[in-house]
Amino acid sequence: MTSYLIKNARPYGGEPTDVLVRDGVVAELGASLTPEEGTEVVDAGGAVLLPGLVDLHTHLREPGREDAETVDTGTRAAAQGGFTAVHAMANTDPVADTAGVVEQVWRLGREAGHCDVYPVGAVTVGLAGEQLAELGAMADSAARVRVFSDDGKCVSDAVLMRRALEYVKAFDGVIAQHAQEPRLTEGAQMNEGDLSGRLGLRGWPAVAEEAIIARDCLLTAHVGSRLHVCHLSTAGSVDLVRWAKSNGWNVTAEVTPHHLLLTDDLAATYDPIFKVNPPLRTAADVEAVRAGLADGTIDVVATDHAPHPHEDKDCEWSAAAFGMLGLETALSVVQHTMVDTGLLTWEQVADRMSVRPAEIGRVADHGRPIAVGEPANLVVFDASVTRVVDPTETASLSRNNPYAGRELPGRVVATFLRGRPTVLDGKVL
Amino acid sequence: MNRHLLSAGDLTRDDAELVLRTAEELRSLADRPIKKLPALRGRTVVNLFFEDSTRTRISFEAAAKRLSADVINFAAKGSSLSKGESLKDTALTLEAMGADAIVVRHSASGAPHRLAHTGWTRSSVINAGDGTHEHPTQALLDAFTMWRHLAPGGAGKSGGGLDGRRIAVVGDVLHSRVARSNALLLRTLGAEVTLVAPPTLLPVGVEGWDVETSYDLDSVLPKADAVMMLRVQRERMSDAYFPTVREYSRRYGLDSRRMGLLQEHALVMHPGPMVRGMEITADVADSSRSVIVEQVTNGVAVRMAVLYLLLAGSSEPTLTTSDPGASE
């Protein structure tokens with residue numbers, strides 16, 4: 001296996017150093033290391049060095065919607081964005097609700113080799129919210145599933161949610177809840193607020209998210225289990241999670257990059273590129289989720305990367321699919337919204353995008369410190385450049401990029417997965 | 001004026017008054033034996049209706065034909081929602097056929113906006129009602145009807161708007177595209193607007209609409225110069241917007257007792273189709289205060305004005321030079 005000497009990189013944005021990567025681990029750290037015979041040199045040029053990013057929330061669409069994304073293309077996009085591990089959501093076709101399907105996705109990820117793929121198992125059979133899926137079988141499978149979610153749908157039945165939370169305690173699992181009270185959001189199209197009434201688009205009220213989060217926090221406390229809140233989007237949700245944490249309950253939460261940057265006024269264009277679930281919220285909500293991420297109330301940034309074919313977005317708003325791409329722009333959006341604003345240091349970015357998601361997903365070899373002997377899962381990120389986002393420049397099969405035409409900072413120069421580059425010179429290998 | 005008419009909010013006061021004045025000119029045609037002008041001869045107007053609406057469709061059809069335009073009626077029953085042809089492909093087809101204006105009715109809010117802004121077509125787009133968003137030509141015909149009766153100086157002679165006139169819009173504001181367009185246009189023309197509905201049928205955020213709201217119809221009626229009753233669908237009952245049809249009618253229906261609370265000159269209006277016995281009783285709908293049938297007549301004139309101003313230029317039409325009989 002080739003060894004790599006990463007010259008002049010700044011771990012966690014700190015002092016520049018050289019990093020020797022050999023046999024899948026960080027072999028040496030220090031200023032002015034000399035390359036050995038056969039070592040390939042990667043000049044980081046003062047770029048930031050972070051542990052490889054871990055996404056708790058990715059839609060890879062395979063099996064079933066290979067026209068939108070495959071495990072191969074989705075993990076290419078992940079590597080391009082600096083990720084070394086992704087959790088593949090269960091809402092595929094067939095649904096990842098059996099050991100067979102999760103093992104298939106896991107195996108496809110291994111074969112593609114762009115990043116580690118950890119399948120998420122469905123909580124209920126077919127995401128139907130009626131009967132528990134064989135959670136234990138998925139946990140015991142080769143895919144070693146620890147994160148379970150009906151994402152896209154809420155486990156709205158309180159008894160079923162309670163049982164799921166209890167049941168996964170046997171194998172240290174976590175229920176990742178898509179918090180959306182279904183009756184309050186029937187036909188919902190955008191954030192319910194000043195604008196939804198004017199635009200005549202049916203509202204998705206904040207209370208529909210918050211009511212479920214409140215209930216689930218109480219259930220989690222009652223049964224002593226682990227709850228993870230997917231794509232939290234409102235100021236009220238941040239307060240609820242803060243309250244749950246202050247009680248010492250085992251509740252974690254994620255926010256997406258788009259909820260850190262974009263607001264509901266974009267719906268006034270009626271361009272469904274901005275249609276997403278949960279919907280884009282108000283500027284006050286954006287401010288609150290940024291503050292929650294900064295103070296640790298929100299544990300992680302997760303992309304909710306949701307590829308859709310062109311025709312599912314090139315139509316009228318209410319006919320369009322929910323969701324937007326995120327893997328390739330996540331780190332840039334976090335730099336723009338959290339680092340350049342002084343809300344997070346790069347070390348904290350590593351915590352929110354690598355360390356904590358790996359802990360929550362119980363992923364052993366990711367989210368590790370940049371230190372000698374640790375797995376060489378690394379991303380070299382040049383924070384000094386800016387780029388105008390071009391949706392056609394993507395490793396994804398889909399183009400539903402809500403940042404098209406926006407200027408965003410930063411660029412992934414290289415990504416290493418266990419010492420092997422998956423991205424070099426900004427290009428997927 | 002803009003090239004499209006998507007929202008009543010797109011109209012400046014000057015634009016709106018120009019439409020009303022033009023409509024007044026064109027309305028006089030209705031009293032002539034030959035009701036036709038050559039203004040849009042050779043132009044093609046497509047009525048693209050993804051939703052059934054016979055009254056709006058025939059109103060636009062009559063308006064376009066009286067201006068000598070070629071009219072194509074396209075009832076696209078299946079939208080992309082029901083796995084028929086997509087809005088985009090329909091638009092590309094119409095573009096290829098050379099439509100000058102597309103009059104679109106669609107169940108999806110914002111569909112006309114998409115047609116106008118995606119590059120699928122170069123036609124002028126006129127919103128003939130989109131989802132629960134807007135219905136700007138309905139608002140224009142409503143304003144025109146009020147203006148003819150209520151404008152200072154009467155019959156629109158003095159020009160100007162509806163300054164200081166008080167208009168009550170009553171009923172299912174939440175789901176009503178008519179209410180949204182009326183609130184915007186009436187404010188532009190200087191009227192005071194009060195939306196009256198049970199709290200469940202007022203939209204979240206209505207406090208930002210620059211209108212008054214009330215839950216109490218009886219307290220609003222004595223001050224109103226016109227009261228516009230909105231259609232209320234029975235199905236709203238099953239979604240718990242109100243307990244029963246009877247309770248709705250008792251609290252928000254316009255019956256003869258309530259009509260007695262109105263001022264002498266106040267108008268009773270309804271955009272149609274009415275649910276007699278629900279939001280309005282038959283005797284009120286058919287009373288002398290009701291201008292509901294006149295609204296239909298005015299609809300053709302207003303739609304002629306809109307088509308004319310969007311397609312033939314922004315000046316007012318000259319009626320004297322026409323030889324309408326020769327146009328077809």
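**Where the two domains of chain B meet**

**View 1. Polar contacts across the boundary.** Between domain 1 of chain B and domain 2 of chain B there are 15 residue pairs in polar contact, both residues at pLDDT 80 or more. A polar contact here is a pair of N or O atoms within 3.5 Å; within protein, one must be able to donate a hydrogen and the other to accept it, and residues adjacent in sequence count only if both atoms are side-chain atoms. By class, the domain 1 side that touches domain 2 has 11 nonpolar, 12 polar and 11 charged residues (Ala, Val, Leu, Ile, Met, Phe, Trp, Tyr, Cys and Pro count as nonpolar, Asp, Glu, Lys and Arg as charged, and the others, Gly among them, as polar). This is a predicted model: local features need pLDDT of at least 70, side-chain atom pairs count only at pLDDT 80 or more, and totals for chains, interfaces and linings use all residues. Residues are numbered from 1 along each chain as its sequence is written, chains are lettered from A and ligands numbered from 1 in the order written, and side-chain values use heavy atoms, leaving out hydrogens and water.

**View 2. The two domains.** Domain 1 covers 8–135 + 297–327 of chain B, and domain 2 covers 136–294; the bounds come from an automatic or database domain assignment. Together they bury about 2700 Å², 60% of it on carbon and sulfur atoms (accessible area, 1.4 Å probe, lost on being put together, summed over both).

**View 3. A salt bridge at Arg13(B).** Arg13(B) pairs with Asp163(B) in a salt bridge, with the closest N and O atoms 2.8 Å apart. The rule (a side-chain nitrogen of Lys or Arg within 4 Å of a carboxyl oxygen of Asp or Glu) finds 3 salt bridges across this interface.

Note on methods
Buried area is the accessible area (1.4 Å probe) that two parts lose on being put together, summed over both.
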